[in-house]
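Here is a walk through one protein chain in questions and answers, for someone meeting it for the first time. Please look over the sequence and the structure before reading on.

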Amino acid sequence: MLKKITTVASVVLLSALTACGSGGGGASTGSSGDTITMGFAQVGAESGWRTANTKSVQDEAKAAGIDLKFSDAQQKQENQIKAIRSYIQQKVSVIAFSPVVETGWDTVLLEAKRANIPVILTDRSIDSDDTSLYKTFLGSDFVEEGRKAGDWMVANATGATNVVELQGTTGAAPAIDRKKGFEEKIAAKPDIKVVASQSGDFTRSGGKQVMEAFLKSQPKIDVVYAHNDDMGLGAIEAIKAAGKVPGKDIKIITVDAVKDGMAALANGEINFIVECNPLLGKQLMELAKKVVAGEDVPARVVTEEGTFTQEQAKAALPTRQY
């Protein structure tokens, strides 16, 4: 898969990128003359995380003087492919997108490559044998996020523990990788069992519906592992409706650390959150300037993230940006 670089290397890279100009010498700067034009195909608006991610991209494009053409795929791959083809026809300088799912991108990205339009993957990766189809992937290490959740589970489980898992969108990189990392860690403790696992599609309503079904089908649930805060917040609603106390009767682990999730953690309704930083806009614009200028960039830029307990959430909330 994709070559990883260290956090230190990421910091060095980003320091270098800050000094980059807005074009020249490399790929075409697009239809606006000297102005870089970016076509950005977003997954959708399925969660608080995604909303914050979109705002970051839009705000930082404006700050960087980049002409942003934005599309919302409403969580459908065919919509993203259509948007990318439109950007190719418009002869944008660079295309960036967060793939709805991992597979099925080779054909459209080959079209971009033949048109000499560089592509940047942001937030999510793709599964392709041809790594020449994109210049770099900027985003989190989703497997590591799953491992962090699994570490907390192993450290806090006492005796036989039944876990239900609220997966993200089927086929999406974060859903695949967060599951993988979690399973990798809990394997060290055979008493921890994932008794049910189903997609809630990264939405609050999806998380609530799946959790309602789990509460009816599973005689004993000790922990919910949700692949994002929104599904965890939906699970909280279902748990309360069933007459149980979230965070006590059923413990909850989530990923993202958006404000609503952090507030629930501070209130004790969520027990542990693994951070996934949505504010990728500045790094994305810096990378875009570099690839348009024809400069080399690493194949992988990993964002730096942490984890939160209840007390850490209380301390972080007053200055939380998302």
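Helices here are DSSP runs of H or I with at least four residues, and strands are runs of E with at least two, numbered from the N terminus. The model is a predicted one.

Q: How many helices and strands does the secondary structure of the chain come to?
A: Counting the runs defined above gives the secondary structure of the chain, which has 322 residues. The count comes to 11 helices and 12 strands.

Q: What share of contacts in the chain between residues at least 6 apart in sequence join residues at least 24 apart?
A: A contact requires heavy atoms within 4.5 Å. Among such pairs at least 6 apart in sequence, the share that joins residues at least 24 apart is 75%.

Q: Is Val-100 buried or exposed?
A: Val-100 lies in the loop between strand S3 (94-97) and helix H4 (106-114), and residues beyond four places away in sequence that it touches include Val-43, Gln-77, Trp-105 and Ala-172. Buried means under 20% relative accessible area. Because the relative accessibility of Val-100 is 4%, Val-100 counts as buried.

Q: How far apart are the C-alpha atoms of Ile-126 and Trp-105?
A: Ile-126 is found in the loop between strand S4 (119-122) and strand S5 (136-139), and at 2% relative accessibility it counts as buried. Along the chain, Ile-126 and Trp-105 are 21 residues apart, while the separation of their C-alpha atoms is 7.5 Å.

Q: What distance separates the end C-alpha atoms of helix H8 (residues 229-241)?
A: Helix H8 has 13 residues, so at 1.5 Å a residue it should span 18 Å.

Q: Why is H8 largely enclosed by the rest of the structure?
A: The buried residues of H8 include Asp-229, Met-231, Leu-233 and Ile-239. H8 is largely enclosed by the rest of the structure because, of its 13 residues, the number buried is 10.

Q: How many nonpolar residues does the contact of H2 with H10 have?
A: H2 passes H10 in a right-handed crossing, and residues making the contact include Val-57 and Ala-61 of H2 and Leu-284 and Met-285 of H10. By class, the contact has 2 polar residues and 3 charged ones, and its nonpolar residues number 5.

Methods:
Residues numbered from 1 in each chain as written. Predicted model: local features only at pLDDT ≥ 70, side-chain atom pairs only at ≥ 80, totals over all residues. Heavy atoms only, no water. Expected span 1.5 Å × (residues − 1). Buried < 20%, exposed > 50% of the residue type's maximum accessible area, 1.4 Å probe, protein only. Left-handed = near helix turned anticlockwise from the far one by under 90°. Nonpolar A, V, L, I, M, F, W, Y, C, P; charged D, E, K, R; others polar.
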